[in-house]
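Colleague: I would like to learn how to read a model of a protein chain. Could you take me through one, feature by feature?

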Amino acid sequence: MLRIERILDAADALIQREGTVEIGLQEVAKAAGLPAASIYHYFATTPALLMALAQRYHAGFEVLAARRIDHDRLAQWSDLCAIQAEQALRFYREHPVAMRLFLGPQGGWEVRVADLATNRRIGAIYYRRLIQHFVVAESPALEDAFDVSVAISDAIWSLSYARSGTVEPAMATEALRARVAYLRLYVGEHAAKRERPLEA
């Protein structure tokens with residue numbers, strides 16, 4: 001609904017301006033140019049509003065993960081990881097509130113649980129991308145490994161965020177190295193690239 005999007009836009013702008021997710025619903029109402037009753041109609045508490053904002057960002061991350069990858073850009077399977085990481089980091093740079101919610105300590109446990117569930121879905125998408133572009137034996141263990149690999153990246157990005165308020169390029173590189181090293185345990189050093197990608 002347009003009114004909900006207006007509220008979420010106002011909350012996002014307010015968090016960016018204040019530098020914290022500790023915002024009041026009345027503040028959001030004022031920023032959105034709406035009566036406070038309108039906010040309470042949709043969101044009973046600030047955590048409920050933050051969860052809705054997180055869900056909107058999660059949807060954005062999933063859309064990114066599902067984008068087609070140009071087969072010609074891939075020389076080896078780890079190139080997939082590099083492309084996926086760059087997409088996610090670009091999204092974070094364009095949406096600093098998402099970075100605060102997911103990589104910082106302020107999002108709260110409910111947002112963290114939702115983030116882990118989203119990471120699992122994204123990991124499954126990444127797994128299917130690997131199968132689509134490279135000759136790799138399918139297995140539930142490999143799919144689970146992609147879920148874990150996303151968590152590995154997140155952990156290192158979170159460490160960088162705690163240190164500097166952003167994901168520094170050097171730490172982004174470390175996260176990618178750690179992710180690829182972990183996945184090598186399941187994929188191996190080399191995987192043959194398909195002549196043509198499988199249909200998604």
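**Aromatic pairs, helices and core**

Modeller: This is a predicted model, and the structure holds eight aromatic pairs.

Colleague: How far apart are the ring centres of Phe-61 and Phe-91, and what is the pair called?

Modeller: A pair of aromatic rings is described by the distance of the centres and the angle of the planes. For Phe-61 and Phe-91 the centres are 4.4 Å apart and the planes stand at 50°, so the pair is tilted. Phe-61 belongs to helix H4 and Phe-91 to helix H5, so the pair ties together parts 30 residues apart in sequence.

Colleague: Are Phe-61 and Phe-91 buried or exposed?

Modeller: A residue counts as buried when its relative accessible area is under 20%. Phe-61 has 9% relative accessibility, so it counts as buried. Phe-91 is at 10%, so it counts as buried too.

Colleague: What kind of aromatic pair do Tyr-92 and Trp-157 form?

Modeller: That pair is edge-to-face, with 6.1 Å from centre to centre and 90° between the planes. Tyr-92 is in helix H5 and Trp-157 in helix H8, so this pair links distant parts of the chain, 65 residues apart. Tyr-92 is buried at 3% relative accessibility, and Trp-157 is buried with a relative accessible area of 6%.

Colleague: Which residues do the ring pairs link into a cluster?

Modeller: The cluster consists of Tyr-57, Phe-61, Phe-91, Tyr-92, Phe-102 and Trp-157.

Colleague: Let us step back to the chain. How many helices and strands does it have?

Modeller: There are nine helices and zero strands. Read from the N terminus, the order of elements is α-α-α-α-α-α-α-α-α. The C-alpha atoms fill a box of roughly 60 × 35 × 25 Å along the principal axes.

Colleague: How do H4 and H7 pack?

Modeller: For two helices, look at the angle and the distance between the axes. H4 and H7 pack at about 10°, and their axes are 10 Å apart. Angles under 35 degrees count as roughly parallel, so H4 is roughly parallel to H7. On the H4 side the contact includes Leu-50, Met-51, Ala-54 and Phe-61, and on the H7 side it includes Val-111, Ala-114, Ile-122 and Tyr-126. By class, the residues of this contact are 11 nonpolar, two polar and five charged.

Colleague: At what angle do the axes of H4 and H6 cross?

Modeller: The axes of H4 and H6 cross at roughly 110° and come within 10 Å. The two helices are therefore roughly perpendicular to each other. Leu-50, Leu-53, Ala-54, Tyr-57, His-58 and Phe-61 of H4 meet Val-97, Ala-98, Leu-101 and Phe-102 of H6. This contact has nine nonpolar residues, one polar and no charged.

Colleague: How do H5 and H6 lie?

Modeller: Their axes come within 5 Å and cross at roughly 110°. That makes H5 roughly perpendicular to H6. From H5 the contact takes Phe-91, Tyr-92, Arg-93 and Glu-94, and from H6 it takes Pro-96, Ala-98, Met-99, Phe-102 and Leu-103. Seven of these residues are nonpolar, none is polar and two are charged.

Colleague: Which residues touch the most other members of the largest nonpolar core?

Modeller: That core has 68 residues, and those touching the most other members are Val-28, Trp-77, Leu-101, Phe-102, Leu-130 and Trp-157. Elements giving two or more residues to the core include H1, H2, H4 and H9. The largest share, 10 residues, comes from H4.

Colleague: What does Val-28 touch, leaving out residues up to four places away in sequence?

Modeller: With those left out, Val-28 touches Ile-7, Ala-10, Ala-11, Leu-14, Ile-23, Ile-39 and Leu-49.

Colleague: One more residue, then. Where is Ile-156?

Modeller: Ile-156 sits in helix H8, which covers residues 140-164. Its relative accessible area is 18%, so Ile-156 is buried. Beyond its neighbours within four places in sequence, Ile-156 is in contact with Met-171, Glu-174, Ala-175 and Ala-178. The C-alpha atoms of Ile-156 and Arg-179 are 9.9 Å apart, and the two residues are 23 apart along the chain.

Colleague: What share of the chain is buried?

Modeller: Of the 200 residues in the chain, 48% are buried. Among contacts with a separation of 6 or more, 71% are between residues 24 or more positions apart.

Key
Residues numbered from 1 in each chain as written. Predicted model: local features only at pLDDT ≥ 70, side-chain atom pairs only at ≥ 80, totals over all residues. Heavy atoms only, no water. Helix = DSSP H or I, 4+ residues; strand = E, 2+ residues; numbered from the N terminus. Buried < 20%, exposed > 50% of the residue type's maximum accessible area, 1.4 Å probe, protein only. Contact = heavy atoms within 4.5 Å. Core = buried A, V, L, I, M, F, W, Y, C linked by side-chain atoms within 4.5 Å. Axes fitted to C-alpha atoms, helices over the stretch in contact; angles between N-to-C directions. Parallel < 35°, antiparallel > 145°, perpendicular 65-115°, else oblique. Nonpolar A, V, L, I, M, F, W, Y, C, P; charged D, E, K, R; others polar. Phe/Tyr/Trp six-rings, centres within 6.5 Å; stacked < 30°, edge-to-face > 60°.
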